[in-house]
Amino acid sequence: MTEKLLLTGNEAIALGAWEAGLVFASAYPGTPSTEILENLAQYDDVYAEWAPNEKVAVEAAAGASMAGVRSLATMKHVGLNVAADPLFTFSYTGVTGGAVIVTADDPGMHSSQNEQDNRYYALSAKLLMLEPADSEEAKDYTKLAFELSERFDTPVLLRLTTRICHSKGLVTRGERTTVPAVPYRKNIEKFVMTPANAKVRRVDMAGRYAAELAYANGEAAQIGINTVIPAAEQNGDGKKTGVVSAGVAYQYARDVFGDTASYLKLGLTYPMPIDMVREFAATVDTLYVIEELEPYMETQLKAAGIACIGKSLIPEIGELNSDIVRRSVFGTEPERVRSALSSVPRPPSLCAGCPHRGFFYGLSKRKNVIITGDIGCYTLGSAPPLSAIDSCLCMGGSISMGHGAAKAVGAAGSAEKVVAVIGDSTFFHSGVTSLMNIAYNGSAVVTVIMDNRITAMTGQQQNPGTGFTLMGDEAPLVDIPALCASLGIKKEHIRVINPLVLDEVNSALDEALARDEPGVIITRWPCVLKQYSKADASEFGGYETVCVIDAEKCTTCRLCTKTGCPAIVSGEDSVKITGASCTGCAVCEQVCPFDAITRISRSAGTE
Amino acid sequence: MNDKKVKAILLVGVGGQGTILASKILSEGFVSAGYDVKMSEIHGMSQRGGSVSTQIRFGAAVHSPIIGEGEAGVIVAFEKMEALRWLEYLRPGGRIIVNDYEIPSVPILMGAAKYPAGILEELTAKADALVIDAAGIAEGLGNAKAMNIVLLGAAVRAMEGEGLGEIDWKAIMQKNIKPAFLELNLKAFEAGFNA
């Protein structure tokens, strides 16, 4: 079996986990990690599920491990913050079946709210950490991670970055090894972290660290996980250059320093194999540390008294690439073609037909409101012309920030009302406890749950509100209005509306904003990209019409363009609707004061 | 595959234009010729009207999965303004294939900015540019959606100038395209190749 496949890092991790005999996997979707579980769900003999959030995923993986099987939890970098509570103590209990936690960091913030460097989680939670540098390593290290987890009795952190997750490289396909479940044995001292037991485990961890460090400096080198690549050619000046690097940064370093440098490529970066680095440093005249984001390795090298050059040259802000490394170290610029023209940015926007548009249009007309937002497609409602989001901090933050803001407004005696905007999946993730807080501690926040019937931003994943699981099985649906009522929101203050009908949006907002008590508006309409289930089709119907502008009636007032719909083209002296993109949602039709927009059948409109 | 140098091709466009399938066929072709291949896709939020780019590097041994400025021997732009956006990644003397096709971005749709004029003239002045009406050619063959395969054909022709070796593109297309659309796409490839 030496079939070579061209796989992304995420696909390779799914393959590696399957080959390693994985039994249980759980995750909350988050770019750039989402496709790992989506791929795992395609394999036989593996159970994979979407958890409501990352904390649940890690706890479920810890439970599966304790019960004796190999388990996996995957998430984006900020997801590990949510899961940090179980993570730190999971490091104390250790495992029965091997457990691997994948953190996918996003240097450069391609699709994230920050670019935190999660290698520090390994350092502070004392977790063995592996960092693959391409797809083949992503597969190999995943398999190794399970072995090391069982050998050292610790969960293992597999740290990826966007380029590892989403770049493709050649991977050798292997066979699945079936790992029999370890029969369950009650072990209170190991798994019940009361202070008395935890104190003992804490001391055990110190012994584990010593064994792991010996492995990092010794065996990891023998099997090529931490490896020295000697210079193939001499430098012109006879001086020897050495580079310590890990992950995708190693690939950039190889392209920039070429064959005249020698490399210490680290695949295992916690514990840092300091003896190995020291030995390597002694063989070169100048030692560079090339790493993305924070000086994680450099700081540890310097603390050990190893002289090196790192962040004094290499930026710690943003994503690296070969050009940046070359410019930073050698000051050289590539030859390139320069254009006198500049292109217009192409920012993402709410899709044509997005159900959020109607609601945001109505909300954007309100004066004296503070609108706390959340993480999801609807964060795009902050962009002009809608500009109907004032904050976006973290998953679930909208409702709790709204609560604090409402209390602040009340204390200051000012006139603003507070609207908190959150998506269905984000509400399930970590908005429920925040809404409970609003009911319990009484703030007159209008909480808007934008229920588009799917987890949309990460690419259409099922969630507890959609009726299906990751593996395609039918599942019970969360009843959102009943859930809100059970949290203590008065039933008569909970309203479900169609967000594409502006009269419904406006009357719901009028009613809720006039109140001095908590209220909930649920906007229920599917994402325009959603593949309808049978239930969706019978509830919402199809997209059978498109909107057209009657040029005779149109005064080019351009009010319809204030909806921010990408199907509406504002020309020099006319406004048109692109039939191919229009879904007939009719928000523009309701906005037009001259009745110039009408709906016609799709077949007639897109010819 | 005796040349040790890493070669690079960049495909750029807008979400929904079919760059992904074209890139997939290209990379599989390079793999079949025995190259080490790395391919990097940036399509964050592409479904919401954003730019899409696929970077392919291939050679005896490839390290970075992403292309540097001034490195791409060939750029295939599925949309004119995207050609302009990525021009700095073209190797001086490299070839840029540009689809004569405009997709205005949101600031342009809203009237807040204008679609830049004179892109084709600028590209022709600054680089070895091949302008193709891929949509027109595909429509002539019966389906405008085959535009991506027209551009693929043109890309393969341009890459041959880079020294590719024998690759059975027909077989790779057969593997990746549904039988019902194969004949159309083979014609589209041919038309692009000879454009």
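## Salt bridges first

A salt bridge is a side-chain nitrogen of Lys or Arg within 4 Å of a carboxyl oxygen of Asp or Glu. Keep that in mind as you look at this predicted model: between chain A and chain B, the count comes to eight salt bridges.

## How much surface is involved

So much for charges; now the contact as a whole. Chain A brings 49 residues to it, and chain B brings 51 residues. Together the two chains bury about 4400 Å² between them, with carbon and sulfur atoms giving 59% of that area. On chain A's side, three residues stand out: A:Val337, A:Val344 and A:Arg346 supply 19% of the area that chain A buries against chain B, more than any other three residues.

## Who does the touching

Polar contacts turn up here too, with 21 residue pairs found across the interface of chain A and chain B (both residues at pLDDT 80 or more). Several elements of chain A supply at least two residues each to the side that touches chain B, among them helix 8 (162–166) and helix 15 (322–330). Helix 12 of chain A gives the largest share, five residues. Sorted by class, this side of chain A has 24 nonpolar, 13 polar and twelve charged residues.

## Strands across the chains

Which strand of chain B is joined to strand 8 of chain A? Look for strand 2 (residues 36–42) of chain B: two bridges join the pair, and the strands run antiparallel. Here A:Lys168 stands opposite B:Met39.

Technical notes: Residues numbered from 1 in each chain as written. Chains lettered and ligands numbered in written order. Predicted model: local features only at pLDDT ≥ 70, side-chain atom pairs only at ≥ 80, totals over all residues. Heavy atoms only, no water. Contact = heavy atoms within 4.5 Å. Buried area = accessible area lost by both parts, 1.4 Å probe. Polar contact = N/O pair within 3.5 Å; in protein donor to acceptor, adjacent residues only side chain to side chain. Helix = DSSP H or I, 4+ residues; strand = E, 2+ residues; numbered from the N terminus. Nonpolar A, V, L, I, M, F, W, Y, C, P; charged D, E, K, R; others polar. Pairing = 2+ DSSP bridges.
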